[in-house]
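Please look over the notes on side-chain pairing set out here. They are meant to be read next to the model.

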Amino acid sequence: MQFHHHGYVSGEPRVQDAAGTGIDRPADLPDETDVLIVGSGPAGMLLAAQLSQFPGVSTRIIERRDGRLVLGQADGIQPRSVETFQAFGFAERIVAEAYNIAYMNFWGPDPENPRNIVRTARTEDYALKISEFPHLIVNQARVLDYFAEAARFGPGRIVPDYGVEFLGLTVHEGGARPVEVRVRHTTGERAGEERTIRATYVVGCDGARSGVRAAIGRVHVGDFAAHAWGVMDVLVNTDFPDWRTKCAINSTAGNILHIPREGGYLSRMYIDLGEVAEDDDHRVRQTPVEEIIRRANEILHPYSIDVKQVAWHSVYEVGHRVTDRFDDGDDGRTPHVFLTGDACHTHSAKAGQGMNVSMQDGFNLGWKLGHVLEGLAPASLLETYSAERQPVAQQLIDFDREWSSLMARKPDEISDPQELATFYLGTAEFPSGFMTQYGPSMIVADAAHQDLAPGFPLGKRFASVEVSRVCDGNVIHLGHHAKADGRWRVYAFADRPAAGEQSALADWAEWAASPSSPLARHTPADADEDAVFDVKVVYQQRHEDVDLTKVPGVFLPRTGPLGLTDWEKVYAAGPSAWSTADIFAERELSRDGVVVVVRPDQYVAAVVPLDARDELSDFLAGAFGGHGSP
C-alpha cells in the first residue's frame with residue numbers, strides 16, 4: 001500500500017483525502033447530480049466505490065431500505081471477484097472471515113441400497129489451480145459493507161441515501177441533466193414526500209423487479225423452468241460427515257446443493273422441491289420451511305439434520321432471463337440510463353454467479369462514467385457497456401441452464417456417477433470469472449500483435465504473475481499493484497539490454513515522456529503525470545542487476561503536492577531469492593519487448609511492439625477521443 005505522498009499520514013491510510021465533490025458533500029439528497037445509482041446491491045455499491053475515485057463527478061446512491069443490508073441472499077464469491085476486491089483494497093480482510101472452498105464432494109445412491117446415499121467423488125476445488133485467489137463463501141451483506149467503506153473513504157466520500165424509493169423516470173432530449181427521476185422518501189421526517197431529481201446518468205441496480213428497467217421499456221427475455229428449490233441458511237447438529245464441505249447430493253428422493261458458510265457453523269442448503277405444475281401459479285413459493293427441512297432429511301438418508309435455527313429461507317423457481325438491451329440507447333442515441341445485475345439478467349443461484357457477474361457489470365460501467373463525466377473520453381464510450389456485458393450475460397444463462405439441468409436430474413437419468421464432478425472441474429474457468437473476453441472495440445484493439453504476448457489475451461482480464469520490485473527486492477504480483485482508481489495501466493516489458501543501455505525500451509520511454517506522446521496528450525495539463533496512465537516497466541534481468549539511476553524518468557514520476565518520486569513502477573522478471581517466476585516465460589512475452597495496455601477494470605486493451613508508436617497513439621485516440629498519431 002502506498003501513502004504519505006500527499007504528506008505524512010499517522011492515521012488509517014485507507015482513508016483518502018476528500019477532494020472535489022467529497023469536500024462539504026451535502027448530507028441531504030440534492031435536486032441535481034451527475035450520476036444517480038438506484039439500489040445498493042453489489043453492482044450499486046461497487047459503482048459507488050469506483051465513482052468515489054472520480055471526485056469531479058457528483059454521485060448519489062438511493063436505497064429504499066432504511067439502512068444497510070443485514071442478511072444477504074447471495075454468498076458465493078468466485079476468484080475473479082476476490083481479484084476485484086484486491087483492486088478495491090479489501091481482499092485480505094474478507095478472505096480472513098470467509099469460508100474457503102477447498103473441496104467439493106459428490107454423493108449419490110448406494111448401488112447396494114439405493115435408499116441410502118454414499119460419497120461417489122471427492123474433488124479439489126478449482127480456484128487455486130487456475131488463480132492465486134480462492135473460492136469463498138461469505139454473506140453478501142459483508143461484501144456490501146466493504147464496498148461501502150471504500151466509497152466512504154474515497155475522495156468522493158459517497159454514502160447511500162437510505163429511505164428513498166425510486167418511482168419512475170423520464171429522459172428528455174438535450175440539456176446537462178436530461179434524466180428526470182421521481183422518488184419518494186420512505187423514512188424519517190420526510191416520509192411520504194415525493195420529489196424530482198435531475199441527473200445526467202442513471203444506473204438501475206434495483207434487482208429482478210427493476211423499476212428502472214420498466215421505466216425505459218426494456219424487458220426480460222426468457223422463461224422460468226418448471227422446477228422449484230427451497231434454500232435455507234441453518235445452524236444444525238448432524239451425523240452427515242461432509243457437513244463442512246461443499247457437496248452436490250443426488251438421491252432417489254431428490255437433490256441438494258450443500259454449501260458451508262463463514263463462521264464454522266452456518267451452512268446453506270438448496271433443496272430440490274421437484275417439478276412445478278403448469279397451473280401452480282407460484283404457489284410453491286409458499287412451501288413452509290418445515291417441509292423444506294423434511295425434504296432435506298429425506299434426501300440425506302441415512303443421515304439427518306437436527307435444525308437448531310433457520311437464519312433465512314426462501315423458495316424460488318429456476319429462471320433464465322436476459323434483458324433485450326442493458327441501456328436506453330436506441331437509433332444511435334447516446335444512452336443515459338443503464339441496467340446492471342438482476343435488473344438485466346437472472347438465473348439460478350446454484351452456479352454462484354449472480355453477485356459475481358453483477359459486480360463485474362458495475363466495474364465495467366463505473367470507470368466509463370467517470371472518464372466521460374470528467375471529460376477524458378467521448379460519450380460514445382458508454383455504448384460499449386451494453387455491447388460488452390450483454391453477451392457475457394447470455395453466456396452465463398447458457399452455462400447456468402446446463403448446470404441447473406444436471407443438478408436436477410433423477411438417479412435413473414444418470415449413466416455416469418462422475419459426470420457432475422467432471423463437468424464441475426472441466427468448466428471451472430467460466431464460473432470462476434476468467435473466461436470473459438470482450439471483442440474488438442474502441443477500447444479493445446485488434447489482435448494484430450497478439451503473438452508478442454499470448455499469455456495476455458486481448459479482451460481478457462490481465463492475469464497477474466510475480467515480479468521483483470527493483471527498489472527493495474520484494475516479490476509482488478504485478479497485477480495486485482493496480483488499484484481500482486480509474487487509471488489505465490501501461491506495462492512496458494523491456495527488450496534484452498539492461499537499464500541505461502541503448503535499447504528499444506529506452507527509445508520508447510523517451511517518446512512516452514515527450515509532450516507529443518498519447519500519454520501526455522490525454523492527461524490533463526494540471527494533473528499529475530500518472531493521473532490517467534500508470535506506466536510501469538518490467539526488465540528481464542534480476543532486480544539487483546537493474547540500476548535505478550539509469551531507469552528512464554517516465555518510470556520514476558514525481559507526483560502529488562510534494563512532487564515525490566514514485567519508486568514502485570520499476571520491476572524485474574529475473575529469479576530472486578524469494579521467487580523463481582519469470583513473467584516473460586509464464587505469459588510468453590516477446591524477448592524483444594512489448595507494451596501491454598490494460599483498462600481500469602483490469603482487461604487487456606492493447607498489445608503492441610515497442611516501436612509501434614503510431615498504433616498506440618491511434619488506439620488511445622479512439623479510446624479517449626481526439627487525434628491519433630501527429
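1. The model is predicted, and side-chain atom pairs count only at pLDDT 80 or more.

2. In helix H5 (residues 140-153), Arg 142 and Asp 145 lie 3 residues apart, a separation of about one helical turn. Their side chains form a salt bridge, with an N to O distance of 2.9 Å. Arg 142 has a relative accessible area of 29% and is therefore partly exposed, since that class runs between 20% and 50%.

3. Glu 291 is partly exposed, at 23% relative accessible area. Arg 294 is also partly exposed, its relative accessibility being 43%.

4. Is Asp 327 buried or exposed? Asp 327 is buried, because its relative accessibility is 0% and the cut-off for burial is under 20%. Its salt-bridge partner is Arg 325, and the closest N and O atoms of the pair are 2.5 Å apart. Arg 325, at 26% relative accessibility, counts as partly exposed.

5. Salt bridges that share partners also link Asp 485, Arg 487, Arg 489, Asp 530, Asp 534, Lys 536, Asp 566 and Lys 569 in one network.

How values were computed. Residues numbered from 1 in each chain as written. Predicted model: local features only at pLDDT ≥ 70, side-chain atom pairs only at ≥ 80, totals over all residues. Heavy atoms only, no water. Salt bridge = Lys/Arg side-chain N within 4 Å of Asp/Glu carboxyl O. Helix = DSSP H or I, 4+ residues; strand = E, 2+ residues; numbered from the N terminus. Buried < 20%, exposed > 50% of the residue type's maximum accessible area, 1.4 Å probe, protein only.
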